[in-house]
Amino acid sequence: MAYETLIVETRGNVGLITLNRPQALNALNSTVLKELKHAYADFHADEAIGAIVLTGSERAFAAGADIKEMQPLQFADIYKAEYISGWDEIAKARKPVIAAVSGFALGGGCELAMMCDFIIASETAKFGQPEITLGVIPGMGGSQRLTRMVGKSKAMDMVLTGRMMDAAEAERAGLVSRVVAPERLLDEALEAAAKIASLSQPSVLMAKEAVNRALETTLEEGLRFERRLFHSLFATEDQKEGMAAFIEKRKPAFKHR
Ligand SMILES: CCCCCCCCCCCCC[C@H](O)CC(=O)SCCNC(=O)CCNC(=O)[C@H](O)C(C)(C)COP(=O)(O)OP(=O)(O)OC[C@H]1O[C@@H](n2cnc3c(N)ncnc32)[C@H](O)[C@@H]1OP(=O)(O)O
């Protein structure tokens, strides 16, 4: 596929997707969504790919949904079309996705980053949900994921005022997992993704499922779910290999990578 709004590459066993609409600070429109779905589907179909990195430019991960595309939309049309529901497919990616964020991640840009499994931010990153300044509210999960990630008070502050928070505040708040120098961002994200892709994929996919289930269920149910997944991994050759390699003081040779 010839991509118009993305650069899609493979780096070893990692899929790398770069949002590429610099003229609009990587604003997210229907073409970006269509192409992201295609790139995700390709990487999920490729057994060699164990993890994905999603990034943008130094100036902007994504400055939100494309306001110029959205402005004329009508309630009846977007309601009937279930507008935005297409992003659910992106949020439900089975393989781990790391967001590497530099510059602006605003509105849909912040929401897209939060759909990823974790965010590595450069020191220049700025996160926000400024939809309220446009007469709307977040529509791609911002009021839901942000609140679960940073707590009600800070989420309410950001959603009601539309203010941005910098990378340091985002790390303190738990929105991002690491903050690095801008020149280190892509390498840090690719190294993390390569590490994940080097591990046994059944355990990686189950680990992602288990952590995500914690956001959806009670502690008791989550513990039960986790325990069953833990038990099930003892049916894999990779559990035997992983623990044998530790005992024999050598690197594991996982079969299901
Ligand atoms: C059938 C399937 C349909 C599926 C469609 C899916 C579509 C996408 C999903 C919709 C999701 C909706 C839910 C979401 O929560 C809603 C939003 O995200 S609303 C938008 C929120 N974002 C913002 O409000 C930020 C807007 N931008 C700014 O505030 C500023 O640009 C900035 C980031 C502070 C930077 O300021 P400056 O440095 O001064 O730069 P400029 O403002 O001059 O910008 C440069 C250039 O980029 C254009 N641009 C910037 N942001 C956007 C944007 N969000 N949309 C469109 N264009 C943008 C800006 O207009 C400039 O371009 P120019 O005017 O020079 O041509």
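**Exercise 1.** Does Thr18 count as buried or exposed, and at what relative accessibility?

*Solution.* Start with the basis of the values: this is a predicted model, in which local features need pLDDT of at least 70 and side-chain atom pairs count only at pLDDT 80 or more, while totals for chains, interfaces and linings use all residues. Residues are numbered from 1 along each chain as its sequence is written, and side-chain values use heavy atoms, with hydrogens and water left out.

Next, apply the cut-offs, by which buried means under 20% relative accessible area, exposed means over 50%, and partly exposed lies in between (1.4 Å probe, protein chains only). Thr18 has a relative accessibility of 14%, and therefore counts as buried.

Then place the residue: Thr18 belongs to strand S2, residues 14–19, where helices (H or I, at least four residues) and strands (E, at least two) are DSSP runs numbered from the N terminus. Finally, list its contacts (heavy atoms within 4.5 Å): once neighbours within four places in sequence are set aside, Thr18 touches Thr5, Leu6, Ile7, Glu9, Thr55 and Gly56.

**Exercise 2.** Find which residue forms a salt bridge with Arg21, and describe where both partners lie.

*Solution.* A salt bridge is a side-chain nitrogen of Lys or Arg within 4 Å of a carboxyl oxygen of Asp or Glu, and the whole structure holds 15 salt bridges. Arg21 pairs with Asp66, their closest N and O atoms being 2.9 Å apart. The pair links distant parts of the chain, 45 residues apart, with Arg21 in the loop between S2 and helix H1 (30–45) and Asp66 in the loop between strand S4 (60–62) and helix H2 (67–70). Arg21 counts as buried at 13% relative accessibility, and Asp66 is buried at 8%.

**Exercise 3.** Work out which parts of the chain the salt bridge between Asp117 and Lys208 ties together.

*Solution.* The closest N and O atoms of Asp117 and Lys208 are 2.9 Å apart. Asp117 lies in the loop between helix H5 (108–115) and strand S7 (118–122), and Lys208 lies in helix H10 (residues 201–213), so the bridge joins parts that are 91 residues apart in sequence. As for accessibility, Asp117 is partly exposed at 30%, whereas Lys208 is buried at 13%.

**Exercise 4.** State which residues are linked with Arg178 in a network of salt bridges.

*Solution.* The network of salt bridges links Arg178 with Arg184, Asp187, Glu188 and Glu191.
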